[in-house]
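Thanks for making the time this morning.

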Amino acid sequence: MSDTLTLSAEARDRAGKGASRALRREGRVPAVIYGNNEEPQSIHVEEKIVNKLLGTGHFFNSVVMVEVGGKKVRTLPKDVAFHPVTDRPLHADFLRVSEHAQVHVNVPVVFENEEAAPGLKRGGVLNVVRHELEMIVDAAEIPDSITVDLTGFDVGDSIHISAVKLPKGAEPAITDRDFTIATIVAPSALKSSEGDTTKDGEEAGEA
């Protein structure tokens, strides 16, 4: 389960581009907390800490307790805007959530037991269609990752969501089809031109 992160913030009294630029010059990132049938709250947070949290690799699928004015607000990071040249964070959005709310999060996919996949042992290549899965989970039980077991898969096989053992309480947001997560393809399939149609390409398109 993803750890609960903490983030200290200060209320933002002034709005507008000029005020936001002034905050950024001071090493702060303008942000907003919204949702849960409450008024949006403008805040600003320390840029260094935002970068540190982004560096954890699971910022967007973790609950972040934002502390502002002595009060802690349970949130889920929804978006961070970055400068197109410097990649500095320019603005952040946080969604208020109750402790056991059902939330949509993108959870990274991790593949295991590659040595037990006949297709990979014979020189096949794992072609990942989805590096993340959009899941509906309890806000208090957000998984760090979804594990896909490659045991027994051969060249030409596709791994669908139905073949994956999901963490307790987690459900895929896509429910209208058994979508593809990855395929095992022969090396030559990866060298085909974009105009060629392979079994893998059809699977990926359907997904």
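Let me start with Asn36, which sits in the loop between E2 and E3, where helices (H or I, at least four residues) and strands (E, at least two) are DSSP runs, numbered from the N terminus. Before I go further, please keep in mind that this is a predicted model, in which local features need pLDDT of at least 70 and side-chain atom pairs count only at pLDDT 80 or more, while totals for chains, interfaces and linings use all residues. Residues are numbered from 1 along each chain as its sequence is written, and side-chain values use heavy atoms, with hydrogens and water left out.

Back to the loop, then. Asn36 has a phi near 60 degrees, which is a positive value in a residue other than glycine, and Asn37, in the loop between E2 and E3 as well, also has a positive phi, of about 60 degrees, although it is not a glycine. How exposed is Asn36? Asn36 counts as partly exposed because its relative accessibility is 41%, whereas Asn37 is exposed, with a relative accessible area of 84%; the cut-offs are under 20% relative accessible area for buried, over 50% for exposed and partly exposed in between, with a 1.4 Å probe and protein chains only.

As for the whole chain, the secondary structure comes to five helices and 13 strands, and buried residues make up 39% of the 207 residues. If we take contacts, meaning heavy atoms within 4.5 Å, between residues at least 6 apart in sequence, 66% of them join residues at least 24 apart.

Now to two of the helices. In H1, residues 17-25, the buried residues are Ala19, Ser20, Ala22 and Leu23, and they lie on the same side of H1 because they cover an arc of only 160 degrees around the axis, the arc being that of the directions from the helix axis to the C-beta atoms. On the other side of H1, Lys17 and Arg25 are exposed. The cover over the buried residues of H1 includes strand E2 (28-35) and strand E3 (38-46), and after H1 comes Gly27, with a positive phi near 80 degrees.

What about H2, residues 47-54: which of its residues are buried? They are Glu47, Val50 and Leu53, and, seen down the axis of H2, they fall within an arc of 125 degrees, so they line one face of the helix. The face of H2 turned away from the buried side carries the exposed residues Lys48 and Lys52, while the buried residues pack against strand E1 (5-11), E2, E3 and strand E6 (89-96).

Let me turn to the interior. The largest nonpolar core, where a core is a set of buried Ala, Val, Leu, Ile, Met, Phe, Trp, Tyr and Cys residues joined through side-chain atoms within 4.5 Å, has 29 residues, and those with the most contacts inside it are Val103, Leu133, Val148 and Ile181. Strand E7 (102-112), strand E9 (132-138), strand E10 (146-149) and strand E13 (180-185) each supply at least two residues of this core, and E7 gives the most, with five residues. Apart from this core lies another, of 18 residues, among them Ile33, Ile43, Val66 and Val80.

On strand pairing, which requires that DSSP finds at least two bridges between two strands, E7 and E9 run antiparallel and are joined by seven bridges, with Pro108 standing opposite Glu132 in E9. There is also an open sheet of three strands in the order E8-E13-E11, with antiparallel pairing, whose edge strands are strand E8 (125-128) and strand E11 (158-160), each pairing on one side only. Within this sheet, E8 and E13 pair over four bridges, and Val125 stands opposite Val185 in E13.

Finally, a word on confidence, using pLDDT, the predictor's confidence in each residue, from 0 to 100. The chain averages a pLDDT of 88, and 89% of the residues score at least 70; confidence is highest in E11, at 97, and lowest in helix H5 (residues 199-206), at a mean of 46. Over residues 193-207 the pLDDT is below 50, and beyond near neighbours in sequence this stretch has 19 contacts in the model.
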